[in-house]
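Subject: Structure handover

Hello,

Here is the structure I promised to pass on. Please open it first, then read the notes below.

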Amino acid sequence: MDTSILENDPFLQQKKKLELLFSKGKVKILLPDVVIAELTKHTIKKSKDSVSTIKKNLEILKQIQMQNIPTFELQPLTQNDIKNKYDSLQKSGFIKIISSDNVKISRIMARYISVKKPFAENKESFRDYALFCTCADYVHDNNLSNCYFISKNSSDFANKDKSDFHDDLKIESQGMKYILELREFIQLPEVQEKFNEIQKEEDYENLVENWIQTHISKLIPRNGELVTEWAIKNLEESKYLHNLFNKKLYKSIEEEVSNKCMNAQPEEFSSFFDSGYVDYEGIDSIEEFDIQDFTASDDGSVTISGVIYLSVQVSIYVYNWSYERDEDDSQYICLASGAVEMHYSFDLTLKDDDKYEVFYNFENIKSDLGENYYE
């Protein structure tokens, strides 16, 4: 943005639509240091003039009313005050100040001598060309696209109908598009599409927030974090899934574990045994959930994805090589028994009618069964 766009709003305090686009990651605002320098100069002058005018008017008011007028200290903005404001805007990510240091004087002088835009007969436009070069070079050096150069100074930058750069500048524009007014930028179809994306994102955030507030009594403040991260944090802190699995989904995960054990080989649970079978004896506890994703749908359903960690009691039986059919010895003997940790990834869809669908996928087993077998 050129100085002409920010003259009356140097710190972008009134650019609410731009701020919304920025906050949602839809635009980046690049301000050349040439513009910052000029805005600083103009803002200091306006501040001094305004303070001086207020003081004069207060003196006049005192004379008219013939009584004391409350006094207060008014100081114009200093260069350091303004620098701090722009530094703060850049630190917050709202703007990025781009440097003109690499724009060579010889390049500017060559353009001046050739009397090509933004230069004209009897007009010196060194600042304007330095500004243009700073932007074009930054676009080129950073391989940027969808960049807009916004300036009311159409006489120096634009063609006759003010719809594009002047031909003298277009060849160096690096694909930047010229726009006369900020409102024109806001009204561009591609920018309106960004607003539509924001609306969809806000609608989605409302879906997530409504679901969480309905199902969880004590909420953690969101504090500006992404809605999915916030939802996951609330699910974890509230032990929502622990309660749900213990009350409604225990049978489903128990079936998965039981089937896994029934079809497993001892070596999956312990490297010390390679034949026999595994006997499932029950789930000791649900240790924890690693919730990895949370999505909401327009129909009121949500899907929670992650990994469930279970403590499971199992026994490992191996073939009894001394087994004789006509004797009382068992064909298989138990050589290891205890708790192992079993991990399952899950996708759980909770529907608005209190029904659910859950899918499990076995991941791995952590076990120390049999480690003491040969001691």
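K162 is partly exposed, with a relative accessible area of 41%. On this scale, buried means under 20% relative accessible area, exposed means over 50%, and partly exposed lies in between (1.4 Å probe, protein chains only). K162 sits in the loop between α7 (154-157) and α8 (167-170). Helices here are DSSP runs of H or I with at least four residues, strands are runs of E with at least two, and both are numbered from the N terminus. K162 touches S154, Y178 and L180, leaving out residues up to four places away in sequence. Contact means heavy atoms within 4.5 Å. K162 and K28 are 134 residues apart along the chain, and their C-alpha atoms are separated by 24 Å.

Two notes on the source. This is a predicted model, in which local features need pLDDT of at least 70 and side-chain atom pairs count only at pLDDT 80 or more, while totals for chains, interfaces and linings use all residues. Residues are numbered from 1 along each chain as its sequence is written, and side-chain values use heavy atoms, with hydrogens and water left out.

D2 lies in the segment before α1 (3-6). Is D2 buried or exposed? D2 counts as buried, at 3% relative accessibility. Its side chain joins that of R127 in a polar contact of 2.5 Å. A polar contact is a pair of N or O atoms within 3.5 Å; within protein, one must be able to donate a hydrogen and the other to accept it, and residues adjacent in sequence count only if both atoms are side-chain atoms. Beyond its neighbours within four places in sequence, D2 is in contact with V35, R127, L131, I150, S151, N153 and F157.

**Helices α3 and α6**

R127 turns up again here. The axes of α3 (residues 33-65) and α6 (residues 126-141) come within 8 Å and cross at roughly 140 degrees. Axes are lines fitted to C-alpha atoms, for helices over the stretch in contact, and angles run from 0 to 180 degrees between N-to-C directions. The two helices are therefore oblique to each other. Angles under 35 degrees count as roughly parallel, over 145 as roughly antiparallel, 65 to 115 as roughly perpendicular, and the rest as oblique. From α3, the contact uses V34, V35 and E38; from α6, R127, L131 and T134. By class, that gives three nonpolar, one polar and two charged residues. Ala, Val, Leu, Ile, Met, Phe, Trp, Tyr, Cys and Pro count as nonpolar, Asp, Glu, Lys and Arg as charged, and the others, Gly among them, as polar.

**S315 in β6**

S315 lies in strand β6 (residues 302-319). It is buried, with a relative accessible area of 2%. Which side chain makes a polar contact with the side chain of S315? That of E281, at 2.3 Å. Leaving aside neighbours within four places in sequence, S315 is in contact with Y277, V278, D279, E281, C334, A336 and S337.

**Aromatic rings**

How many aromatic pairs does the structure hold? It holds 23. Rings of Phe, Tyr and Trp (its six-membered ring) pair if their centres lie within 6.5 Å; planes under 30 degrees apart count as stacked, over 60 as edge-to-face and the rest as tilted. The rings of Y277 and Y332 have centres 5.3 Å apart and planes at 75 degrees, so this pair is edge-to-face. The pair links distant parts of the chain, 55 residues apart: Y277 is in β5 (residues 277-296) and Y332 in β7 (residues 332-350). Y277 is partly exposed at 33%, and Y332 is partly exposed at 32%. Ring pairs also link Y112, F119, F126, Y129, F132, F149, F157, F165 and Y178 into a cluster.

**Backbone points**

- The peptide bond from K117 to P118 is cis, with omega near 10 degrees. P118 is in the loop between α5 (105-114) and α6.
- N143 is not a glycine, yet its phi is positive, near 50 degrees. N143 lies in the loop between α6 and β3 (148-150) and is exposed at 70%.
- D354 is also not a glycine and has a positive phi of about 70 degrees. D354 is in the loop between β7 and β8 (356-366) and is exposed at 57%.

Best wishes
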